[in-house]
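Let's take a walk through this structure by way of its disulfides. Have a look at the sequence and the 3D view before reading on.

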Amino acid sequence: QVQLVESGGGSVQAGGSLRLSCAATGYATGSNYMAWFRQAPGKERDRVACVKPSGFTTHADSVKGRFTISRDNAKNILYLQMNSLKPEDSAMYYCAADSRNYFGCPIAPSSFRYWGQGTQVTVST
């Protein structure tokens, strides 16, 4: 049984940093697609960053240079380091995973079969 559990969210002032973690059980982070999505109230769920089985990473333009996705395959943990946080980064952040073979990192939430319960990030001015 696959389980993804996020942690590390919280409230922070603009310019601050947070590191999100996603612990995976029953699933190998190193051999599958892993991604972070976020969703603010009234908005769609958007992909923030993704890592392919090869280790190739991609980040949304809105977070490039500020956020970094990484993984510890030995511990089966996915991370999202978030620096220089802005109020517009406030959202529920979700960890997602899928084992299907894609050409590139999928953007659509429907392309990811497994999801965590989410962790809230709130950035104040």
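What follows is a short tour of the disulfides, one after the other.

Keep in mind as you go that this is a predicted model. A quick reminder to begin with: a disulfide is a covalent bond between the sulfur atoms of two cysteines. How many disulfides does the count come to? The count here is two.

Start with Cys 22 and Cys 95, which are joined by a disulfide with an S to S distance of 2.1 Å. That pair links distant parts of the chain: Cys 22 sits in strand β3 (residues 18-25), while Cys 95 belongs to strand β9 (residues 91-98), 73 residues apart.

Now move on to Cys 50 and Cys 105, whose sulfur atoms are 2.1 Å apart in a disulfide. Cys 50 is in strand β5 (residues 46-51) and Cys 105 is in the loop between β9 and β10 (114-115), so this bond ties together parts that are 55 residues apart in sequence. The link of Cys 50 and Cys 105 is left-handed, with -80° about the S-S bond. With a relative accessibility of 0%, Cys 50 counts as buried. Cys 105 has a relative accessible area of 14% and is buried, because the cut-off for buried is under 20%.

To put the pairs in order, number the bonded cysteines of the protein along the sequence: the pairing then reads 1-3, 2-4.

Notes: Residues numbered from 1 in each chain as written. Predicted model: local features only at pLDDT ≥ 70, side-chain atom pairs only at ≥ 80, totals over all residues. Heavy atoms only, no water. Disulfide = S-S within 2.5 Å. Helix = DSSP H or I, 4+ residues; strand = E, 2+ residues; numbered from the N terminus. Buried < 20%, exposed > 50% of the residue type's maximum accessible area, 1.4 Å probe, protein only.
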